Amino acid sequence: MKNIPQYLKKYIVNQDYDQYSSIDHACWRFIMRINKAYFSKNAHSKYLEGIKKTGITIDRIPKIEDINKKLQKFGWSAVGVKGFLPPLVFMEFQSKGILPIACDMRSIEHLTYTPAPDIVHEAAGHSPMIADSDYAQYLKYYGQIARKAISSYEDYNLYVAIRKLSDIKENPRSTQLEIRQSEDNLRNAIEDISYISEAAYLSRINWWTVEYGLIGDIDDPKIYGAGLLSSIGESENCLKDSVEKIPLSINCINYSYDITEQQPQLFISQDFKSLNKILDDFASKMAYKVGGIKGVNKAIESKNICTISLDSEIQVSGKVVNVIDDLLYLQLSGPVQLSYKNEEIEGHGRERHPEGFGFPLGQLVNNISIDSLSQDKFLELGYKINKSAEFKFKTGVSVKGLIKTILIKDSFIKIITLNNCEVKHNEKILFDPAWGEYDMICGQNVESVFGGPADIDQYFKSNTDNNHIGSLNTGISLSNTEEELNNIYSDIRAIRENENHNLMKLKELSEKLSKN
């Protein structure tokens, strides 16, 4: 836990092993006995080996702390969470080699498939395949790339709709009206998607590999996707001829998916190492790789928090709203965070820039790049603290004001703070002296643009906005009838595990079940 960032820790919950009823353990046992038999023939060869090596028990729900100890032998770890995590959070965990395991257990009504993440899907679906080193490496690599992806505000609305529907469908107390309303909300969220973001394309790669992937010979493929490994119904159906089998390529990003339906087609990879090439092909065109005006425009289109990284290693995080004449000046709406090498610069967090931020790029008219100047060189050029100065850029932007402070990082100037400052482009005012102090960051080019803030821990340290979803409600209390049934399950388990089987007690329980 000490190595997990604070930002992620708030999503971690204790498993509370006592919350599982005897019915829950019986459901787990029923699923795992069927899975073990079926997947011994139809899953990747590492599946059965992985069950043994990653602490997955067959007879009862496993303890996450036991899985965690086993996974550490493979360079991974496991933590308990509840429900659907925000995509950025899930990828942050995965990029660090941490498997988030949903603590909830599916209900007896959803034995073959659950609409919500549960311990069957996360533990019995995801963890066994981590025993394969090539696959485990792919999972981490995917997380590292996906956490850089730019997602749209519409993506987030879709995530919320999916999460709400899954919670309601899994809750036996939900009414048909609540289910229909949630299904309508999901349809509306899907219809509101105006374009496909980087994150959405990457989620398709994840879906057709990590969740619903097949591997090997196209005429006799094996299952490795966690969605299939945790759904015996769909895993049996997926190998039939009625489900189209397509060799995996980057073209899989053109296939959308519906989480509420079985998949009409699946993709077959040759081996786990080949999965990395799909990621490389996609990543080469992502904003964090290409930067420049293309990357900035993706950030503007997203209407979401993104980070602009300059060649000076200064990073600006916020919602990018405007770019003037191909990167001569950039504007973001607040709150904005300024960071250096992924760490928030002291005094330049959200509270310093709550309303927004703007900055020029490029060299001064005398061919000087401010970010290449040391403090001594800066002073030699005639710039002084508490003296007025004007910085004229080749782009036509001018910054004029009283120099208050300069920030040095690694021997070079990164930020110049000015009082009574006016920023203009030709005759257009970009910053007015009445707005307060102006922090002029120094840099020439946008080298990278990626989704989310640069220093996530600091950006969200006291924030309760959309990126932090609180814990779900804990387990649902049993009714009197369910409590009685749960006691019968407990008695049967006790008899099964006792070497001296009490056949008379079994007869009594059988009669009780038949009567009620």
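Biologist: How many helices and strands does the secondary structure of the chain come to?
Modeller: The chain has 19 helices and 17 strands. Helices (H or I, at least four residues) and strands (E, at least two) are DSSP runs, numbered from the N terminus. Please keep in mind that this is a predicted model, where local features need pLDDT of at least 70, side-chain atom pairs count only at pLDDT 80 or more, and totals for chains, interfaces and linings use all residues. Residues are numbered from 1 along each chain as its sequence is written, and side-chain values use heavy atoms, leaving out hydrogens and water.

Biologist: Why is Asp325 called exposed?
Modeller: Exposed means over 50% relative accessible area, buried under 20%, and partly exposed in between (1.4 Å probe, protein chains only). Asp325 has 53%, so it is exposed. Asp325 sits in the loop between strand 8 (314–324) and strand 9, and its phi is near 45°, a positive value in a residue other than glycine.

Biologist: And what makes Ser411 exposed?
Modeller: Its relative accessible area is 52%, so Ser411 counts as exposed by that cut-off. Ser411 lies in the loop between strand 13 (397–409) and strand 14 (412–425). Ser411 also has a positive phi, about 80°, although it is not a glycine.

Biologist: What percentage of the residues of the chain count as buried?
Modeller: Of its 516 residues, 50% do.

Biologist: Which residues does a cis peptide bond join?
Modeller: Gly334 and Pro335, with omega about 0°. Pro335 lies in strand 9 (residues 329–340).
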